[in-house]
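Thanks for coming. I will take one structure today and go through its helices, its side-chain pairs and its packing.

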Amino acid sequence: MEEKDRRATAPRIRALSDLMFAVLTAALALCVFVMLVLVFGNVVLRYVFNSGINISSEIARLAFVWLTFGGAVLAFRTREHLAINMGIERFSPRMQKFTHVARQLLILWVLWLIITGGWEQTVISMRTVTPVAGMPIAVFSGAVLFSAVAMALMAILDIFVALRTPATPENTGVFRTSVDSVEEI
C-alpha cells in the first residue's frame, strides 16, 4: 500500500514543480518586458521630450538582477549549466552514479556558501535603500538567496532520485548533471 501511495504522489509533485517553474518563467518574461518598456520608454522620453523617468533605471536594474538569477534556476532545472560528460560516460553505471552524487554534494556545499553569504548580505542591505526609489537594496541581494535555495532544493531532490535509481546502463541518463543536446531535455 505504501508503494502505491508513493507512485500516486510522484505525479502530483512533478505537476507542482512544473507549475512553479511555469510561474518563474512567466515572471522572468515579465522582467524582460519591464526592462524593455522602461529602458526604451526612457530613451524616447529623453531624446524626444527632453525629460525622463528617474526611477526607470533602478527598476530595470532590479528586473535584470532577478532575470539573471531566475534564469540560473531555470537552467539548473533543465540541466543546461556547463558540465563535461564525455569522461563520465566511459565509467561503469555504478561509478557514474557515485560520481554524480559526489558532484551534487559538491554543488550543495557551494550553494550553502552562497546561501549563507546571500542571507548575510540581504540582512545587511535591509537598512540601505536605493537613491531614487527608496527600496531596500535587499531586494537585489534577495535574488541571490532565492536562486541558491531553489537550486539547493533541486540538488537535494536529484541526490534522492539518484540514490533510489539502480545503477544500470539504461538509467545512466539520471546520473548526468547536464545534457549534451536539446533533444535530451
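This is a predicted model: local features need pLDDT of at least 70, side-chain atom pairs count only at pLDDT 80 or more; totals for chains, interfaces and linings use all residues.

Residues are numbered from 1 along each chain as its sequence is written, and side-chain values use heavy atoms, with hydrogens and water left out.

The fold first. The chain has four helices and zero strands, and from the N terminus the order is α-α-α-α. Helices here are DSSP runs of H or I with at least four residues, strands are runs of E with at least two, and both are numbered from the N terminus. Of the 185 residues, 32% count as buried; buried means under 20% relative accessible area, exposed means over 50%, and partly exposed is in between, with a 1.4 Å probe and protein chains only. Among contacts with a separation of 6 or more, 71% are between residues 24 or more positions apart, a contact being heavy atoms within 4.5 Å.

Now the annotation. The unreviewed UniProt entry places "transmembrane region" at residues 21-47, 59-77, 98-119 and 139-163. UniProt positions are in the numbering used here, feature names are shortened, and annotations may be inferred rather than shown by experiment. In the model, residues 59-77 are 100% helix and 0% strand, with the end C-alpha atoms 27 Å apart. Residues 98-119 are also 100% helix and 0% strand, and there the end C-alpha atoms lie 31 Å apart.

Next, the pairs. How many salt bridges does a search of the whole structure find? The search finds one, where the term means a side-chain nitrogen of Lys or Arg within 4 Å of a carboxyl oxygen of Asp or Glu. Aspartate 18 pairs with arginine 77, and the closest N and O atoms are 2.4 Å apart. The two sit in distant parts of the chain, aspartate 18 in helix H1 (residues 2-48) and arginine 77 in helix H2, 59 residues apart. Aspartate 18 is partly exposed at 34% relative accessible area, and arginine 77 is partly exposed at 27%.

Rings of Phe, Tyr and Trp (its six-membered ring) pair if their centres lie within 6.5 Å; planes under 30 degrees apart are stacked, over 60 edge-to-face, and the rest tilted. Tryptophan 66 and phenylalanine 146 have ring centres 5.8 Å apart and planes at 40 degrees, so this pair is tilted. Tryptophan 66 is in H2 (residues 56-77) and phenylalanine 146 in H4 (residues 138-164), 80 residues apart.

Last, packing. The largest nonpolar core has 20 residues, and those with the most contacts inside it are Phe21, Leu24, Val73, Met151 and Met154. Such a core is a set of buried Ala, Val, Leu, Ile, Met, Phe, Trp, Tyr and Cys residues joined through side-chain atoms within 4.5 Å. H1, H2, H3 (93-124) and H4 each supply at least two residues of this core, with H4 giving the most, nine. Leaving aside neighbours within four places in sequence, leucine 24 contacts Gly70, Val73, Leu74 and Phe146.

Finally, alanine 152 lies in H4 and is buried, at 10% relative accessible area. Not counting residues up to four places away in sequence, alanine 152 touches Leu108, Leu111 and Ile115.
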